[in-house]
Amino acid sequence: MYTRFYPLGLALLLACPVYTHAQEAATPLTLSNAVALALDNNPELSAARHELEAVDATVTQAGARPNPELSTLMEDTRKSTRTTTIQLNQPIELGGKRDARIGAAERSRDAARMELAIRRDDIRIAATSAFFAVLTAQERRRLAQESAELARNAADATGRRVTAGKISPVEETRARVAAASARLELSQADGELDLARRRLASLWGNAQPNFTVAEGAAGQLPPLPDIADIAGRSADAPQLRLARLEVERRQALSKIESSKRVPDATLSLGRKRDEEAGRSMWVVGVSMPLPFLDSNRGNLEEALRRTDKARDELATAETRVRTDIAQAYEKLRNAHAEVALLHSDILPGAQSAYAAAGKGFELGKFNFLEVLDAQRTLFQARSQYLRAISDAHFASAELERLLGSVGPNQ
C-alpha cells in the first residue's frame, strides 16, 4: 500500500533546493578540483555573469535609433468640407547623442567585464585559501589527537607508578587533568576542521561537504614574490583599473548630457486630402525645440562633478591599494621568517626536550610536571608553526587578490 507514495516522495526530493547545487565526489579533494568546483558553481560568480549579459543588452539598446511616428489629423466632421492629413514624423538625433550613448554603454560593459574578472579571481583565491585552511585544520587535528594519545599514555604510566608507590598520587591527578585538557583540545580541533570544510564547500553552494579529506601538503609555503615584480604589477592592479574605467564611464556620461544641449530635429512627410477643394497635396515639415528655458545645464554640471568625484576616488584607490599591497607583502615576509625559525630551531628543540623529559620520567629522573611542561611546549610550538603557515597562505591570498591575475584585455 505504501508503493503509491514512492513517486511522490521522489518528486519532492528532486525538487529540494539542495539538489540544485554542485555535489563534489565523496573522495579526497585536491586543490585543482576545489578551485574548479568554486569557479563553475559559485552563486556570486554566476550573478556577475548575468550582470555582464545584462550590460551587453544595454549596448545593443544604446545603438537603437528613434522610432518614426505615424499621425493622422482630421479637420471638420462634415464630409463635404472635411480635411484629412496623414503624416509620418521621423526624429533625427543631433549633437552626437547616439555615439555618446553607445560610448557610455560600452564603458559600462568594460566595467562589468572587469568586475566579473575580479570576482572570478576572488573566488579562485578564496577557494585556494579555504582549501589550505582545511589542510591546516586537518594537521592541527592530527597533532591534537597525537597530543591526546601522549597525554593518555602518560596518565596511564603515572597511574602505574602511583600504584607501585614510586610517586605521589598528586602526580596522577595532574596527569589525568592534562589528559582531559588534551581531549578538550581534540574536540575543539574537530570543530575547527568541520567549520573549515563547510566554508570550503560553501564556495560551490554546498551546505554539507561530501569530500572525505583535503589532499595536499599542509606545510607547503606559498612563494614570496619578488619585490620588483610586485611594484610592476601594482600599477595595473584590478581595483585601479576598475576605478579608471569608472572615470571613463563618467566622462562618457558627461558627453551624453553635453549632446542633449543640441536639440533634435523632427522631419515630417505626409499627404493632405481636402474634400471641399477635391484635391490632395503633400505636406513637408521640419520642427525643432528652442532651448531657451531648458538647456540641460544642471544635468551637465552634475555629470561633470561626478567625473571629478571619480577622479578623486581613483587617487584614493591608488593610495589604498598600494598601502594594502605593502601590508600584505610584509605579513607574508614575516610569516616566511617565522616558519623558517620555527622549523630550524624551535620545533627541533621542543621535540628534543620532550623526548628527553619522557625518557627521564620513565627512568625516574624527572617528575610528571616536567614532562607535562615539555609536552605543552611541544604542542604550542607545533600549533604556532601551523598558525604561521596559515598566516602565510592568508597573506599570499590577499596579495594575489590585490595584484590580480587578470590581463589588461580581460
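A residue is called partly exposed when its relative accessible area falls between the buried class, under 20%, and the exposed class, over 50%. In this predicted model, R305 has a relative accessible area of 43% and is therefore partly exposed. Its salt-bridge partner is E301, with the closest N and O atoms 2.3 Å apart.

Side chains of opposite charge can pair when their charged atoms come close. Over the whole structure, 31 salt bridges are found. In helix 4, D110 and R107 are three residues apart, about one turn of the helix, and their side chains form a salt bridge with an N to O distance of 3.1 Å. D110 has a relative accessible area of 21% and so counts as partly exposed; R107, at 23%, also counts as partly exposed. In helix 7 (residues 238-259), E246 and R249 are three residues apart, again about one turn of the helix. The salt bridge between the side chains of E246 and R249 has an N to O distance of 3.2 Å, and E246 is partly exposed because its relative accessibility is 23%. A network of salt bridges links four residues, E139, R142, E146 and R382.

The largest nonpolar core contains 29 residues, and L29, V134, L200 and W204 have the most contacts inside it. Two or more residues of this core come from each of helix 2 (31-41), helix 3 (43-62), helix 4 and helix 5 (169-202). Helix 4 gives the largest share, 10 residues. With neighbours within four places in sequence left aside, V134 is in contact with L193, A196, R197, L200, F211 and A214.

A105 is located in helix 4, which covers residues 97-163. The relative accessibility of A105 is 8%, so this residue counts as buried. Apart from neighbours within four places in sequence, A105 is in contact with V55, T58, V59 and A62. A105 and A252 are separated by 147 residues in sequence, yet their C-alpha atoms are 8.5 Å apart in space. S234 is part of helix 6 (residues 227-234) and counts as buried because its relative accessibility is 10%. A polar atom of the S234 side chain lies 2.9 Å from the backbone oxygen of A231.

L70, I86 and L88 form a nonpolar surface patch, with about 320 Å² of accessible area together. L70 lies in strand 1, residues 69-75. With a relative accessibility of 66%, L70 is above the 50% cut-off and therefore counts as exposed.

How values were computed:
Residues numbered from 1 in each chain as written. Predicted model: local features only at pLDDT ≥ 70, side-chain atom pairs only at ≥ 80, totals over all residues. Heavy atoms only, no water. Patch = residues over 30% accessible without salt bridge, like charges linked within 9 Å, V, L, I, M, F, W, Y side chains within 5 Å. Areas by Shrake-Rupley, 256 points an atom, 1.4 Å probe, with all protein chains shown as cover. Helix = DSSP H or I, 4+ residues; strand = E, 2+ residues; numbered from the N terminus. Buried < 20%, exposed > 50% of the residue type's maximum accessible area, 1.4 Å probe, protein only. Contact = heavy atoms within 4.5 Å. Core = buried A, V, L, I, M, F, W, Y, C linked by side-chain atoms within 4.5 Å. Polar contact = N/O pair within 3.5 Å; in protein donor to acceptor, adjacent residues only side chain to side chain.
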